[in-house]
Amino acid sequence: MIRNVEILDSNGRLMFQKIYGASGIPEEVFDDFIANLAKVVSKIHLDGYVEYMNLRRTRLYYSNVNTTVFIFEADKNDDTNEMKLKMRNLSSQFVNDYADTIEKWDGDPSVFTGFNDKVDELTTTLLKLSLVGFSGVGKTTILKLIREEELPREHIPTIGVGIKGVKGAMIGNTQLVCWDLAGQERFKMTWDKFIKASSLIIIVTDSTLENAVRSRFFVRLVREEEPEANIVALANKQDLPGSLPPEKVEEILGVKTYGFVAIDPMNRSKFFEIIREAVMGL
């Protein structure tokens, strides 16, 4: 996802900013870093060509058109060509909309507030969320819950992978697409391929000790195959007698874990809050 959109002049003065998620740059140094980067970019005369640099967990894309500098901060697993295209589209739109204003700009960023809604349209991306876990832990029920579909009365194993968009579910400036991976052992050889390019991977357990211990396999898999992805866990079926508390499941897995009951419709909003916290860091 695109976390920040920054538009500055050649002196590093901020003309427009839109924040969608937490930055990979420490907050106390972010503004100075971006301002100094804008001064450098304006001197190398990219004139619409887009370059990027890698940070620890994110990537900065930058370009300039004449004296105006454009900077995106996006996740490393976002498609590079897509990010470059979005920056070119945004920079062209901004320059076309504000050509006269840019030329006479006196340092007041409020004159560009009209660009706020347009930047949302120009930077929208897809957020791939992968639900992983062994068979029967409730992944498909979770998917049906967030899609507001009728919840299943019996367990019907997923075959291969289920890929579903979630209508109206915008997380920041991203549209949510969920991948529900089949949890049977016979599909084990496909799991590493299906989690590729995930922005968030949710490990689902059924809150039993045996399943929680077995699910450490998925933590290792994610950290080996998709280390840039955000990872959290859901300790599902908290309504059943003898279920492990989420704190105990978190201790076993070593990742942030939330208690969950997928058959409770009230947990739909809780699920989206978990995603926002995990992906956007806000």
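Visitor: Which residues in α5 meet α10, and which ones do they meet there?
Guide: From α5, I142, L145 and I146 meet N267, R268, F271 and F272 of α10. Contact here means heavy atoms within 4.5 Å. Helices are DSSP runs of H or I with at least four residues, strands are runs of E with at least two, and both are numbered from the N terminus.

Visitor: What sort of residues are in that contact, by class?
Guide: The contact of α5 with α10 has five nonpolar residues, one polar and one charged. Ala, Val, Leu, Ile, Met, Phe, Trp, Tyr, Cys and Pro count as nonpolar, Asp, Glu, Lys and Arg as charged, and the others, including Gly, as polar.

Visitor: What am I looking at, anyway?
Guide: This is a predicted model: local features need pLDDT of at least 70, side-chain atom pairs count only at pLDDT 80 or more, and totals for chains, interfaces and linings use all residues. Residues are numbered from 1 along each chain as its sequence is written, and side-chain values use heavy atoms, with hydrogens and water left out.

Visitor: Back to the two helices. At roughly what angle do the axes of α5 and α10 cross?
Guide: Roughly 100°, with the axes of α5 (residues 139–146) and α10 (residues 267–280) coming within 9 Å. So α5 is roughly perpendicular to α10, a label that covers 65 to 115 degrees.

Visitor: How many residues are in the largest nonpolar core?
Guide: That core has 50 residues, and L129, F271 and I275 are among those with the most contacts inside it. Helix α10 gives the most to this core, with seven residues. A nonpolar core is a set of buried Ala, Val, Leu, Ile, Met, Phe, Trp, Tyr and Cys residues joined through side-chain atoms within 4.5 Å.

Visitor: What does L129 touch?
Guide: Leaving out residues up to four places away in sequence, L129 touches L176, V177, C178, W179, L200, I202, F271 and I275.

Visitor: Different spot. Is T68 buried or exposed?
Guide: T68 is buried, because its relative accessibility is 2%; the cut-off for buried is under 20% relative accessible area, with a 1.4 Å probe and protein chains only. T68 belongs to strand β5 (residues 68–75). Beyond four places in sequence, the contacts of T68 are I7, L8, M15, S63, F94 and I102.

Visitor: And where does I252 lie?
Guide: I252 is in helix α9 (residues 246–253).

Methods
Axes are lines fitted to C-alpha atoms, for helices over the stretch in contact, and angles run from 0 to 180 degrees between N-to-C directions. Angles under 35 degrees count as roughly parallel, over 145 as roughly antiparallel, 65 to 115 as roughly perpendicular and the rest as oblique.
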